[in-house]
Amino acid sequence: MPHHLDSFRLEEYLAPREFAAQYMFCASDLESRTIQQVLDLLSPKEKELFLNLPLSYTHTQGDIQLRQQIASLYRKIHADNVLCFAGAEEAIYATARVFLKSQDHAIAITPCYQSLKSVAKSICSISTVDLELIHGEWALNVDRIAQQIRPNTRVLFLNFPHNPTGFVPSSEVFQSIMDLAQAHGIIVFSDEVYRGIELNPQDQLPSASELYSEAISLGVMSKSFGFAGLRIGWVTSQNPELLSKLSKFKHYLSICNSAPSEWLATAILRNSDIVLRENNRLVKENYKIVKNYFKTQPHLFQWIEPKGGCTAYPKYLGAGNIQSIAEQLLQNKGVVILPDWVYEQNNQHFRISFGRKNCPEALKHFSDFFSEYKTR
Ligand SMILES: Cc1ncc(COP(=O)(O)O)c(C=O)c1O
């Protein structure tokens, strides 16, 4: 029997809108750079090497130099602990397919990037644990995760910094989740695609793959780095068996990564400090003006502070439904936001983002819309 995968609400919502609209005020990735801007980081000799790169198959695990650069983003991870994938998405799909069987059970934290729960749901039973709003802040109750654990629970799917809320737990809470998983022999799949973009650098968590031997951590060039078009993602784990199983499954998917993408990703990661510094600066500048706006509109929005990543998930308090307001906003002002319907929620929350250069303009059109909307 083929597995039934739910339609991907978020991707299907964005597909007709994201390239047609003027302002993606809910993009999940950081501002991108051009190939020329990447080449500008290189010496003439390196540029020549790139132009002479064979466009052939590459190693399934990922090019060794790329894996070494990825490993340098961590403290306890070596090139052998890294397996590359075509984006983060392929790694999520492979993990659920490899480690879950029909008799198993999985747990995901919601709302979430849909594949973190939908792929598992197409294979086995799954329980979800909602992030909670406590005293105006996002929070995760670890006891609720514990309550969901069954004897057949195999994988716990996490994502911090969290998309869409920007929630990051304290390192103590994160460690307690690892301890809980270890006590029950559960694999932790930790989506860390926003690691490195924290509004307060002290909130950066260690990678789950450095804390727990049965953890698989997910990274990607798309989000914190802003190079989604490369489609280079990776997982890290201290357990070679987990990586070997995933690597064998990759033979049925992309087989290997794109050679030029691997090369460019390696060059970018050699300069990861510069890229992350500039991206953090952009996020912080944008965040300041976004927060100022939302804080001055308490009658219209409940603003809930994100701690990391480039998205926030405020609540709309005014009249009307956020789903139809999102459509009017798009039609009247060319601004895309993401209503919580795409997360299978109906609480008037919506995702906005502050990782793109045109964020101030997008916010201006967003605020114009609401001042006109109010007076109607
Ligand atoms: C939390 C999270 N994980 C994974 C992905 C997939 O990333 P990619 O498009 O690089 O495969 C996304 C994309 O939006 C995401 O938000």
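Student: Which residues does Val 188 touch, if we skip those up to four places away in sequence?

Tutor: Val 188 touches Leu 156, Leu 158, Met 178, Ala 181, Ala 208, Tyr 212, Glu 214 and Ala 215. Two residues are in contact here if their C-beta atoms, placed from the backbone, lie within 7 Å. Keep in mind that this is a predicted model, where local features need pLDDT of at least 70, side-chain atom pairs count only at pLDDT 80 or more, and totals for chains, interfaces and linings use all residues. Residues are numbered from 1 along each chain as its sequence is written.

Student: Ok, and which residues have the most contacts inside the largest nonpolar core?

Tutor: Val 188 is one of them, together with Val 155, Phe 157 and Ile 337, and that core has 101 residues. A nonpolar core means a set of buried Ala, Val, Leu, Ile, Met, Phe, Trp, Tyr and Cys residues joined through C-beta atoms within 7 Å. Buried means that 20 or more other C-beta atoms lie within 10 Å of a residue's own; with 12 or fewer the residue is exposed, and in between it is partly exposed, with C-beta atoms placed from the backbone.

Student: Where does that core lie relative to the domains?

Tutor: Between them, because domain 1 (9-35 + 273-375) and domain 2 (55-271) both give residues to this core. Those domain bounds come from an automatic or database domain assignment.

Student: How far apart are the C-alpha centres of the two domains?

Tutor: They lie 25 Å apart. As for the contact between them, 30 residues of domain 1 meet 31 residues of domain 2.

Student: Which element gives the most to the domain 1 side?

Tutor: That is α12, with nine residues. The elements giving two or more residues to that side are α1 (9-18), α12 (272-295) and β12 (311-312). Helices (H or I, at least four residues) and strands (E, at least two) are DSSP runs, numbered from the N terminus.

Student: Switching topic: how many residues surround the ligand?

Tutor: There are 13, and the closest are Gly 87, Ala 88, Glu 89, Tyr 113 and Ser 222. A residue is near a molecule if its C-beta atom, placed from the backbone, lies within 6 Å of it. Helix α5 (residues 87-99) provides the largest share of the shell, three residues. By class, the shell divides into five nonpolar, six polar and two charged residues.

Student: Is Arg 231 buried or exposed, and why?

Tutor: Arg 231 is buried, because 20 other C-beta atoms lie within 10 Å. Gly 229 also lies in the loop between β9 and β10, but Gly 229 counts as partly exposed, with 14 C-beta neighbours inside 10 Å.

Student: What about Glu 344, where does that one lie?

Tutor: Glu 344 lies in the loop between β15 (338-339) and β16 (350-353). Its phi is near 60°, a positive value in a residue other than glycine, and Glu 344 is partly exposed, with 14 other C-beta atoms within 10 Å.

Student: Last one, the overall picture: why does the radius of gyration agree with a compact globule?

Tutor: With 376 residues, a compact globule would have a radius of gyration near 21 Å, and the protein has 21 Å, so the two agree. The radius is taken over C-alpha atoms, and the globule rule is 2.2 Å times the number of residues to the power 0.38. The protein has 14 helices and 16 strands, and 45% of its 376 residues count as buried.

How values were computed
Ala, Val, Leu, Ile, Met, Phe, Trp, Tyr, Cys and Pro count as nonpolar, Asp, Glu, Lys and Arg as charged, and the others, Gly among them, as polar.
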